[in-house]
Amino acid sequence: RIRMLIVVIFAAASAAPSPGSPSFRSKAFPPGWNGLARTPPLGWRSWNAFGNRITQDMMMDAAHALVSKNYTISGFADKASLCDVGYCSVGVDEGWEGCGKGINGT
């Protein structure tokens with residue numbers, strides 16, 4: 001009896017749509033319905049480079065690196081920036097909760 005119950009539960013779970021399946025998706029809000037996030041967000045985040053040891057100067061340097069036109073990129077006649085090809089976002093992943101607790105309230 002228990003084996004039969006396990007088989008029935010497994011069969012029912014297998015028949016249920018998974019979150020990634022088309023039948024599980026909202027009909028009211030299909031992918032791309034608002035024109036946003038048609039591709040993954042592109043940019044730079046602080047965690048992989050600095051962990052929670054990030055400073056404002058480091059963030060400014062990262063932002064300047066994304067917008068400086070010193071890269072040779074296929075399809076661009078002149079030097080281009082990473083922002084020119086979509087990498088325009090800079091963000092702090094960790095350490096933001098410590099803002100104001102540093103030297104002189106930084």
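Okay, let's start at Ser46, which touches Gly51, Ile54, Met59, Gly91, Val92, Asp93 and Glu94, leaving out residues up to four places away in sequence. A touch, or contact, here is heavy atoms within 4.5 Å. Ser46 itself is in the loop between β1 (43-45) and α2 (47-50). By helices I mean DSSP runs of H or I with at least four residues, by strands runs of E with at least two, and both are numbered from the N terminus. Ser46 has 0% relative accessibility, so it counts as buried. The cut-offs there: buried is under 20% relative accessible area, exposed is over 50%, partly exposed is in between, with a 1.4 Å probe and protein chains only.

Before I go on, the ground rules. This is a predicted model, where local features need pLDDT of at least 70 and side-chain atom pairs count only at pLDDT 80 or more, while totals for chains, interfaces and linings use all residues. Residues are numbered from 1 along each chain as its sequence is written, and side-chain values use heavy atoms, with hydrogens and water left out.

So how confident is the predictor? What does the protein average in pLDDT? The average is 76, and 63% of the residues score at least 70. pLDDT, for the record, is the predictor's confidence in each residue, from 0 to 100. Where pLDDT is low, the predicted coordinates should not be read in detail.

Now the overall layout. We have 3 helices and 2 strands, and along the sequence they follow the pattern α-β-α-α-β. There are 106 residues in the protein, and buried ones make up 9% of them. For contacts with a separation of 6 or more, 42% come from residues 24 or more positions apart. The protein exposes about 8,800 Å², with carbon and sulfur atoms supplying 62% of that. Those areas come from the Shrake-Rupley method with a 1.4 Å probe, and for residues only the protein chains shown count as cover.

Asn48 is in helix α2, and at 75% relative accessibility Asn48 counts as exposed. Asn48 and Asp93 are 45 residues apart in sequence, yet 9.0 Å apart in space, C-alpha to C-alpha. Remember that Asp93 was also one of the residues touching Ser46.

Next, the loop between α3 and β2 (89-91), where Tyr87 is found. Leu82 is in the loop between α3 and β2 too. At 27% relative accessibility, Leu82 counts as partly exposed. Which residues is Leu82 in contact with, leaving aside neighbours within four places in sequence? They are Leu66, Tyr71 and Tyr87. Leu82 and Gly43 are 39 residues apart in sequence and 8.8 Å apart in space, again C-alpha to C-alpha.

As for Tyr87, at 35% relative accessibility it counts as partly exposed. Together with Leu42, Phe76 and Val85, Tyr87 makes a nonpolar surface patch of about 300 Å². Patches are made of residues with over 30% relative accessible area and no salt bridge; like charges are joined within 9 Å, and nonpolar side chains (Val, Leu, Ile, Met, Phe, Trp, Tyr) within 5 Å.

On to the disulfide, meaning a pair of cysteine sulfur atoms within 2.5 Å. The count is 1. Cys83 and Cys88 form it, with their sulfur atoms 2.1 Å apart. The torsion about the S-S bond of Cys83 and Cys88 is about 100 degrees, so this disulfide is right-handed. Cys83, at 25% relative accessibility, counts as partly exposed, and Cys88, at 44%, also counts as partly exposed.

Last item, salt bridges: a side-chain nitrogen of Lys or Arg within 4 Å of a carboxyl oxygen of Asp or Glu. Searching the whole structure finds 1. Lys69 forms a salt bridge with Asp84, and the closest N and O atoms are 2.7 Å apart. Lys69 and Asp84 both lie in the loop between α3 and β2, so the pair ties together parts that are 15 residues apart in sequence. Lys69 counts as exposed at 51% relative accessibility, whereas Asp84, at 33%, counts as partly exposed.
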